[in-house]
Amino acid sequence: MPAAKTIEDRAMELHSRAIVIDCHSDLLMPIADGFTRLATDLPVPESAAWTFEVPEGSHRRLDWPFGATSCIGQYSLPKFERGGLTVQVCAVFVDDHELDRALKRSLDMTWWFHREMEDNRDRIEHVCGCDEIRRVKAAGKCGAVLAIEGFEPLGLDLRLLDLFYKMGVRMAGLAHNRRNAWSDGTQHYVKTGGLTTLGKQAVRRMNEMGIVVDVGHLNTVGFWESIEASGAPVVLSHRSPRKFFPLKPEDSPFHPAYDVSQGRERLEALARNGGVFGVFFLAARDVEDVVDDIEYVAKLVGVDHVGLGSDLYGLAKAPQGLEDMSKLPAITTSMVRRGYTDEDILKILGGNFMRVFEKVWRR
Ligand SMILES: [Zn+2]
């Protein structure tokens, strides 16, 4: 049994040399709402209830998910740097109350994304290619990928996807939880419906352009239809595999509200597609719980098909030991302790997502 220090040392060495990719964060929301900036390192209460004092005189909405009462310190550039993160995928997501101005809202978030890249260009860059990711890694900087979570900003016009591509979007999911003109999402008690004709056209267009298809929020029908429609590997950017892809539906806390059937079959299909499952930290008890999720996918369909998709916003409680992005090395330490090989750890931390990006992106 090696000494504890040896494990920590090996983990730190591995982590610092790894390309570490987190496949989902909503940090553009509180930035666009004026609550924080990328380089602002707001505090995170350790493992306590994630509530936040309402600023004096605030006129902001206070409810879920990212109003003034939510903890928003989990993501920041200083925490990415301390946590050894190489690439943060940043989602453009339009909340229910903004649907009447979805395009405007998404452009606002996209503007903020580029503004943050500009203001912090010595430390982080917008990346659209794997060579760019390797270059920022070698330069000791971070990278950020721009993504769309839900196609509401496009209305009914697929041509707008071309414009979002020109604005730098390189990953996109057709739906969030709700149904839209492109697809059904994982809504409560909606088990029918999948991709619309428009949604299937969008998947093919994403393949043509070199945008990674994200099936993270689709229901079971939509999952199968996306895998079928996509000629390229997909990602499932942020989910708990044990809760959404259980071996038996009744094992999931979301059953019967969500369709969590065919868990094993869907994971096997994702693996055949060459895709990668981003395990989220949301609702995990602690770091070991997250690594248990990683292990579940790795054991069922192989270590080549799992990665990280943190999604730490909107929670009432912090996963212990993984309260914010500066704590990422704890995952590596846990995997070292569990006896994972260096090669497998590098794949899980980001190598697997790099493989998908290499296949899909045009540079
Ligand atoms: Zn999400």
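Me: Over the face of which residue does Arg266 lie?

Reply: In this predicted model, Arg266 lies over the face of Phe223, at 5.8 Å from the ring centre. The charged end of Arg266 also sits over the ring of Phe245, 4.0 Å from the centre of that ring. The criterion is NZ of Lys or CZ of Arg within 6 Å of the ring centre and within 35 degrees of the ring normal.

Me: And how do Phe223 and Phe245 pair, in terms of distance and planes?

Reply: Phe223 and Phe245 form an edge-to-face pair, with 6.0 Å from centre to centre and 70° between the planes. Rings of Phe, Tyr and Trp (its six-membered ring) pair if their centres lie within 6.5 Å, and the planes make a pair stacked under 30 degrees, edge-to-face over 60 and tilted otherwise.

Me: Which parts of the chain does that pair tie together?

Reply: Phe223 lies in helix H8 (residues 220-229), whereas Phe245 lies in the loop between helix H9 (241-244) and helix H10 (263-273), so the pair ties together parts that are 22 residues apart in sequence. Helices (H or I, at least four residues) and strands (E, at least two) are DSSP runs numbered from the N terminus.

Me: Are Phe223 and Phe245 buried or exposed?

Reply: Phe223 is buried, with a relative accessible area of 1%, and Phe245 also counts as buried, at 4%. Buried means under 20% relative accessible area, exposed over 50%, and partly exposed in between (1.4 Å probe, protein chains only).

Me: Which residues do ring pairs link into a cluster there?

Reply: Ring pairs link Phe223, Trp224, Phe245 and Phe277 into a cluster. The search of the whole structure finds 11 aromatic pairs. Among them, Phe357 and Trp361 have ring centres 4.2 Å apart and planes at 15°, so that pair is stacked. Phe357 is buried at 0% relative accessibility, and Trp361 is buried at 4%.

Me: Before we move on, what pLDDT do local features need?

Reply: Local features need pLDDT of at least 70 and side-chain atom pairs count only at pLDDT 80 or more, while totals for chains, interfaces and linings use all residues. Residues are numbered from 1 along each chain as its sequence is written, and side-chain values use heavy atoms, leaving out hydrogens and water.

Me: OK, helices now. At roughly what angle do the axes of H11 and H12 cross?

Reply: The axes of helix H11 (residues 287-301) and helix H12 (residues 329-337) cross at roughly 65° and come within 10 Å of each other. Those axes are lines fitted to C-alpha atoms, for helices over the stretch in contact, with angles from 0 to 180 degrees between N-to-C directions.

Me: Which residues meet in H11 and H12?

Reply: On the H11 side they are Val287, Glu288, Val290, Val291 and Ile294, and these meet Ala330, Ile331, Ser334 and Met335 in H12. Contact here means heavy atoms within 4.5 Å.

Me: How many residues of H12 are buried?

Reply: H12 is mostly covered, with 7 of its 9 residues buried, namely Pro329, Ile331, Thr332, Thr333, Ser334, Met335 and Val336. Just after H12, Gly339 takes a positive phi of about 90°.

Me: Which residues does a cis peptide bond join?

Reply: A cis peptide bond joins His255 and Pro256, with omega about 5°, and Pro256 is in the loop between H9 and H10.

Me: Last one: where is Val303 placed?

Reply: Val303 is in the loop between H11 and strand E9, and it counts as buried at 16% relative accessibility. Leaving aside neighbours within four places in sequence, Val303 is in contact with Ala298, Asp344, Lys347, Ile348 and Asn352. Val303 and Lys347 are 44 residues apart in sequence, and their C-alpha atoms are 7.5 Å apart in space.
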